[in-house]
Amino acid sequence: MNSETHITGWVDLGEFIEAYLPEDDVLASARLRAEQLGCPPVSCATGSLLSFLAASLQARAIVEIGTGAGVSGLYLLRGMAKDGVLTSIDIEPEFHRSARQSFLDAGYPAGRTRLIIGRAMDVLSRLTTGGYDMVFADASRVEYPGYFDLGVQLLRPGGVIAFHNVLAAGRIADPTRREPELLALRDVARAVREDKRLVPTLLPVGNGLLVAAVATPEG
């Protein structure tokens with residue numbers, strides 16, 4: 001197999017993975033709104049992984065940092081328990097309006113979501129310690145280390161924290177790149193890996209998903 005064939009095979013495989021679970025009209029409409037608002041949504045494969053994680057946790061309480069147009073929120077809600085509540089934080093009121101429309105289109109009652117307008121670092125510090133099953137971050141990459149410090153405190157034992165877009169199109173692995181965003185991504189990747197409370201993994205889904213579970217106390 002020559003190198004060109006090898007690379008083409010991986011490209012095709014990536015496309016196959018992204019298309020494995022096609023999106024319905026509700027998600028497609030939310031994705032279109034996200035593109036119009038200029039807030040890139042999670043990929044189909046990343047979204048399905050979020051649903052899987054939420055379902056595996058039987059999540060009843062999730063914090064989402066970065067509401068966007070509601071694409072990732074829809075995926076999280078679809079995996080959560082039927083009485084679960086998604087708390088989603090974003091500083092942009094227009095994003096919240098779009099997300100509310102996405103959730104309404106999907107048939108979720110208002111009580112299933114709690115949309116909070118504000119700076120994530122301020123909001124996270126006011127949420128209940130140990131009161132959540134999952135934290136998903138998809139907002140300012142420069143603030144990811146801060147989201148990590150506050151987000152882990154919100155999780156119950158066995159809870160999961162996840163960071164979107166950590167590979168930054170491969171730039172995170174280039175030591176010559178020293179942009180503030182990349183430095184922050186490297187910092188959070190290192191912090192997650194070295195935190196003894198966590199069981200981490202880095203998944204090459206979409207543009208990279210860094211995931212870690214809070215280890216449960218030994219019985």
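**View 1. Lining of the largest pocket.** In the largest pocket, the lining residues comprise 14 nonpolar, 13 polar and 6 charged ones. The model shown here and in the other views is predicted. How many residues line the largest pocket, and which lie nearest its centre? The lining is made up of 33 residues, and those nearest the centre are Gly66, Asp90, Asp138, Ala139 and Ser140. Two elements, α4 (71-79) and β2 (85-90), each give two or more residues to this lining. The space in the largest pocket comes to about 570 Å³.

**View 2. Helix α2 against helix α5.** Helix α2 covers residues 25-37 and helix α5 covers residues 93-105. Their axes lie 9 Å apart, and the two helices pack at an angle of about 170°. Angles over 145 degrees count as roughly antiparallel, so α2 is roughly antiparallel to α5. From α2, the residues in the contact are Val26, Ala30, Arg33 and Leu37. From α5, they are Glu94, Phe95, Ser98, Gln101, Ser102 and Asp105. Sorted by type, the residues of this contact are 4 nonpolar, 3 polar and 3 charged.

**View 3. Helix α2 against helix α4.** At what angle do α2 and α4 pack? The angle is about 150°, and the axes of α2 and α4 are 9 Å apart. The two helices are therefore roughly antiparallel to each other. On the α2 side, Val26, Leu27, Ala30 and Arg31 make the contact. On the α4 side, the contact is made by Val71, Leu74, Tyr75 and Arg78. By type, the contact of α2 with α4 has 6 nonpolar residues, no polar ones and 2 charged ones.

**View 4. The protein chain around these sites.** The protein chain contains 8 helices and 7 strands. Its radius of gyration is 17 Å, close to the 17 Å that the globule rule gives for 219 residues, so the chain is as compact as a globular protein of that length. The C-alpha trace of the protein chain spans about 55 × 40 × 35 Å along its principal axes.

Definitions and conventions. Residues are numbered from 1 along each chain as its sequence is written. This is a predicted model: local features need pLDDT of at least 70, side-chain atom pairs count only at pLDDT 80 or more; totals for chains, interfaces and linings use all residues. Side-chain values use heavy atoms; hydrogens and water are left out. On a 1 Å grid over the protein atoms alone, a cavity is a set of points where a 1.4 Å probe fits but cannot get out, and a pocket is an open set with protein on both sides within 12 Å along at least five of seven lines; lining residues have an atom within 4 Å of a point. Grid points are joined across faces, edges and corners, and a volume is the space filled by probe spheres set on the points. Helices (H or I, at least four residues) and strands (E, at least two) are DSSP runs, numbered from the N terminus. Ala, Val, Leu, Ile, Met, Phe, Trp, Tyr, Cys and Pro count as nonpolar, Asp, Glu, Lys and Arg as charged, and the others, Gly among them, as polar. Axes are lines fitted to C-alpha atoms, for helices over the stretch in contact, and angles run from 0 to 180 degrees between N-to-C directions. Angles under 35 degrees count as roughly parallel, over 145 as roughly antiparallel, 65 to 115 as roughly perpendicular and the rest as oblique. Contact means heavy atoms within 4.5 Å. The radius of gyration is taken over C-alpha atoms; the globule rule is 2.2 Å times the number of residues to the power 0.38.
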